[in-house]
Amino acid sequence: MAISRYLESRKNIAGSACGLVGVALTLAGVAGPYWPVVVAGLYGAGALVAPPERPALPDFPDASAQLDALRGDFEKLCGYLTEVELPPAAAGRLTELTDLLTALLDPGWATELLAQDPEGVHTLSRVVRQDVPEAVDTFVRTRWWTRLAPGQEAPERHLERQLTLLQEEAERLAGALRETEARRQESHTRYLEDRGRAN
C-alpha cells in the first residue's frame, strides 16, 4: 500500500524524470564510468525538489445526507418529548414548534431548498439537536428545584418564552425558503417571457 502510494507520488515522478535525464546523459557519453552515481543523484535531486503531496480533502456528508441524519435525530427528540410532562401552555407551544419542524424536515420542496442552504441546515440542526432538548431538560430540572424553594419566577414562563423564540426562528427559516421558491418561480417566468419575445 505504502509502496504503491510512493510509486504514484509526485516525488517519484519528478525523480524518475530527472533519472531519465541521467540515462540520456549516460547514452550521450557525458556521465562516463560514474553513470550510476549521476542517475541516482539526479533521481534524488528530482525527488527532493518535487512539490509535496497534497492531502486528500475530507469527505464530508453533503446537505442531503445531513438532513437524513437530522431526521433521525428529530425522531429521537420526538420520542424524548413524549415522555416529558409539560404544562398545557408550554405543551401547546412545543406542539406548534414540532409541527413546523416536521414540515421543514419532511422530504419535499422544503428539504430540496434546505439542501441548497447550508446555513438553514445548520439552524435547523441547532434547534433540533441543541436548543429544544436543552430548553425542555432545563425546565424539567429547574421545576424540581422550584418545588423545594417556591416563590421564584415560574420555570414554565421561561420555557414558553424559549419555545416561542425557537418557533419564530423556525418560521423565519420557513419564510426564507418560501421567498427563495417565489424568486425562483419569478425568475423562470421572466425567462419564459424573454424567450417568447425573442421568438
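**Entry 1: terms and ground rules**

I start with a term: a residue is buried when its relative accessible area is under 20%, exposed when it is over 50%, and partly exposed in between, using a 1.4 Å probe and protein chains only. This is a predicted model, in which local features need pLDDT of at least 70 and side-chain atom pairs count only at pLDDT 80 or more, while totals for chains, interfaces and linings use all residues. Residues are numbered from 1 along each chain as its sequence is written, and side-chain values use heavy atoms, with hydrogens and water left out.

**Entry 2: valine 136**

I looked up valine 136 and found its place in helix H7 (residues 118-148). Helices here are DSSP runs of H or I with at least four residues, strands are runs of E with at least two, and both are numbered from the N terminus. Valine 136 has 0% relative accessibility, so I wrote it down as buried. What does valine 136 touch, not counting residues up to four places away in sequence? I listed Tyr80, Leu81, Val84, Leu86 and Leu159. Contact means heavy atoms within 4.5 Å. Tyrosine 80 is 56 residues from valine 136 along the chain, and their C-alpha atoms are separated by 9.8 Å.

Leucine 159 has a relative accessible area of 1%, so it is buried. Leaving out residues up to four places away in sequence, leucine 159 touches Leu86, Ala90, Ala135, Val136 and Phe139. I also noted that leucine 86 is 73 residues from leucine 159 in sequence and 9.5 Å from it in space, C-alpha to C-alpha.

Glutamine 167 is found in helix H8 too. Is glutamine 167 buried or exposed? I found a relative accessible area of 8%, so glutamine 167 is buried. Residues up to four places away in sequence aside, glutamine 167 touches Arg93, Glu96, Leu97 and Leu100.

**Entry 3: H5 against H8**

I then checked how helix H8 (residues 155-198) meets H5: the axes come within 9 Å and cross at roughly 20°. Axes are lines fitted to C-alpha atoms, for helices over the stretch in contact, and angles run from 0 to 180 degrees between N-to-C directions. H5 and H8 are therefore roughly parallel to each other. By definition, angles under 35 degrees count as roughly parallel, over 145 as roughly antiparallel, 65 to 115 as roughly perpendicular, and the rest as oblique. The crossing of H5 and H8 is left-handed. A crossing is left-handed if the near helix is turned anticlockwise from the far one by less than a right angle, and right-handed if clockwise.

From H5, the contact includes Ala89, Ala90, Arg93 and Leu94, and from H8 it includes Leu159, Glu160, Leu163 and Gln167. I noted 14 nonpolar, 2 polar and 4 charged residues in the contact of H5 with H8. In this count, Ala, Val, Leu, Ile, Met, Phe, Trp, Tyr, Cys and Pro are nonpolar, Asp, Glu, Lys and Arg are charged, and the others, Gly among them, are polar.

**Entry 4: H4 against H5**

I looked at H5 from its contact with H4. The axes of helix H4 (residues 63-83) and helix H5 (residues 88-105) come within 11 Å and cross at roughly 160°. H4 and H5 are therefore roughly antiparallel to each other, and their crossing is left-handed. On the H4 side I found Leu67, Leu70, Arg71, Phe74 and Leu81, which meet Leu94, Thr98, Leu101, Thr102 and Leu105 in H5. By class, the contact of H4 with H5 has 7 nonpolar, 2 polar and 1 charged residues.

I went on to helix H2 (residues 10-27) and helix H3 (residues 35-49), which pack at an angle of about 150° with their axes 7 Å apart. That makes H2 roughly antiparallel to H3. The crossing of H2 and H3 is right-handed. Among the residues in contact are Gly15, Gly19 and Gly22 of H2 and Trp35, Val38 and Gly46 of H3.

Proline 36 is found in helix H3. Its relative accessible area is 42%, so proline 36 is partly exposed.

Last, I looked up the domains: the chain is divided into domain 1 (1-51) and domain 2 (61-196). These bounds come from an automatic or database domain assignment. The centres of domain 1 and domain 2, taken over C-alpha atoms, are 61 Å apart.
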